[in-house]
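Work through the exercises below with the model in view. Try each task before you read its solution.

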Amino acid sequence: MPGDNSQQDATREQVMAEREAKKQAKQAKKQKATTPATKIITEVEQTTITTKLTTTITTTARDKPEPPAGTAEPAAPIAAVTCPASTGTETGDKTRDQIKAEREAKKAAKQAAKAAKSSGTKVEPPVQKLANLKVTDKTPTLTAAPSSAADDDKKKPALSKAERRALQEAQRAAKAQGQGQVKKAQPAVKAPGAGTVLKELKRESVSPVKSATSSSPSKNSLITAKSECKVKLFNHLVCAEKGASLFINDPLVHPSMARLGVQYAQRTVVGSNARCIAFLHALRQVVQDFETPAKKEFGRSLDAAVKHHVDHLHKCRPLAVSVSNAYKQFRNQVTQLPADVPEAELKELLVHFIDTYMENQIGKAAQAISSSLQEKITDGDVLLTFGCSSLIQFICEEAKRRQVAFRVIVVDSRPTCEGQEMLRRLHAHGIPCTYVLINAVGYVMAEATKVLLGAHALLANGYVMARTGTAQVALVANAHNVPVLVCCETHKFSERFQTDAIVYNELSDPNDLVRDDKCCLKNWTAKAHLTPLNLNYDITPPELVSAVVTEVAILPCTSVPVILRIKPEIGY
């Protein structure tokens, strides 16, 4: 029976096609929630299956003109089910994309309207183009359906990101327009797609920002010039301000403190003891002229006023260790003032404390140090000193008064050349002197019998902080086996630990290194890779110091913590 065999083959093909159609329908339902590309692919597969079914039905109909009703009826419902399903999914996807596009267009229109209200400019053409955007209909065909689906998949995420960027740029442009830095908005160039419109809108919004950033090249150049004028290793150090704003009359700054700030900034008052004495004199004047505000306590209000004056002095020039210690002692005294004593008596107590501090910590301390050293200075000694120190000057004058036959070698260095002042003072008292620069210290060190050095501060770890060049003189003296004696009062002792001159130091004006118009450092700011460094102090390690002469005793450098611990108990 060839007819029956062909009919059975046809029915088998139909059953297989039905099963495949059911499988594809289930897969399409599962993959609806994933991506639109998978939906389009399933629709295309369903159409191919239906075409296969129709072709098989037609071929069997040709072979046998009257097929049985049981075999022909299942094919019609299958085709009817698959085709509407595919069209239904297509129409559903179209409506979703259109709804999304309309919502995004409405959002863009609202944002553009807000930006137009705030800036006063018209941005209608881009908004209208955003509103008129429509997603192209997806018509699945057997050949072009996969490529169109891939293009739609690429366009959908790109459109959303581009629109978000466009909105952000529109907001930025509106802010810039409000500040008066935005150029007139130009209409976007017509383009067939939405991507070009968004690109034009982005260009319009980015251009004002670029113009705003490029409009200040002078400020950037000034900032770079200032940063280039500093040595990178010492960027953490602050140079004293010399602006005119510091010296304008401030109602909260006493005239004596304002005058002292100018003297600090112009370096007319130099030296640890000189700066401390000038500060205490100005502080005494502030205390005498101070008036307690209404309904305020004398001690607290005076403490706040003095703190403001100290901050002003620190801006003019960083405070010396001696000045900081004197201010700490004064502040401690203010906190211990009795509350039931009249204001006049409290002022007398503070003035008496200031006078006593100057007498004990500076005057009597210098006498005690000088008396300790007079036993070490004998006839024929050659004392070598560096720079200018009021304490070393006092010791030499006292030795001359005792009619000791000695001479002094004054070593000096640029840029301050303080040794010239030391030479003038010693020569005025009839002391024979020799003056050399620091580059010749190696030639004169063989003649010296003792090296007497002053100090800016003595740190808690035994290191000596003094003017720049002291460490070099001590090193040369150690190489020649010459004893190095550092003369330092205990009010210059500091609790700070430091082993180098980089952690903390004071920067001076680099222009001080320029000697005259013929100097090679003239116009150094215009020369690339040239940054002069002018440090005030250096650090001398305790290995190079033989002993430290204080008013308490002649001590090694390692005894500084002991003095700091017992200093309040012994009344210093």
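**Exercise 1.** Which residue in E3 does Val410 stand opposite?

*Solution.* Start with the ground rules. This is a predicted model, where local features need pLDDT of at least 70, side-chain atom pairs count only at pLDDT 80 or more, and totals for chains, interfaces and linings use all residues. Residues are numbered from 1 along each chain as its sequence is written, and side-chain values use heavy atoms, with hydrogens and water left out.

Now find strand E2 (residues 406-412) and strand E3 (residues 433-437). Helices (H or I, at least four residues) and strands (E, at least two) are DSSP runs, numbered from the N terminus. E2 and E3 pair in the parallel sense, over 5 bridges; pairing takes at least two bridges found by DSSP. Opposite Val410 stands Tyr435.

**Exercise 2.** Find the bridge partner of Leu458 in E6.

*Solution.* Take the open sheet of 3 strands, ordered E5-E6-E8 with antiparallel pairing. Strand E5 (457-458) and strand E8 (537-540) are at the edges with a single partner strand each, so one side of each has no neighbour in the sheet. E5 and E6 are joined by 2 bridges. The partner of Leu458 is Val464.

**Exercise 3.** Classify the aromatic pairs by their geometry.

*Solution.* Apply the rule: rings of Phe, Tyr and Trp (its six-membered ring) pair if their centres lie within 6.5 Å; planes under 30 degrees apart are stacked, over 60 edge-to-face, the rest tilted. The count is 2 aromatic pairs. Phe290 and Phe298 are edge-to-face, at 5.9 Å centre to centre and 65° between the planes. The centres of Phe353 and Tyr357 are 6.1 Å apart with planes at 45°, so this pair is tilted.

Phe353 and Tyr357 are 4 residues apart in helix H13 (residues 343-374), about one helical turn.

**Exercise 4.** Which helix gives the most to the lining of the largest pocket?

*Solution.* On a 1 Å grid over the protein atoms alone, a pocket is an open set of points where a 1.4 Å probe fits, with protein on both sides within 12 Å along at least five of seven lines; lining residues have an atom within 4 Å of a point. Of the 43 lining residues, those closest to the centre are Val270, Cys388, Thr416, Glu418 and Arg467. H10 gives the most, with 5 residues.
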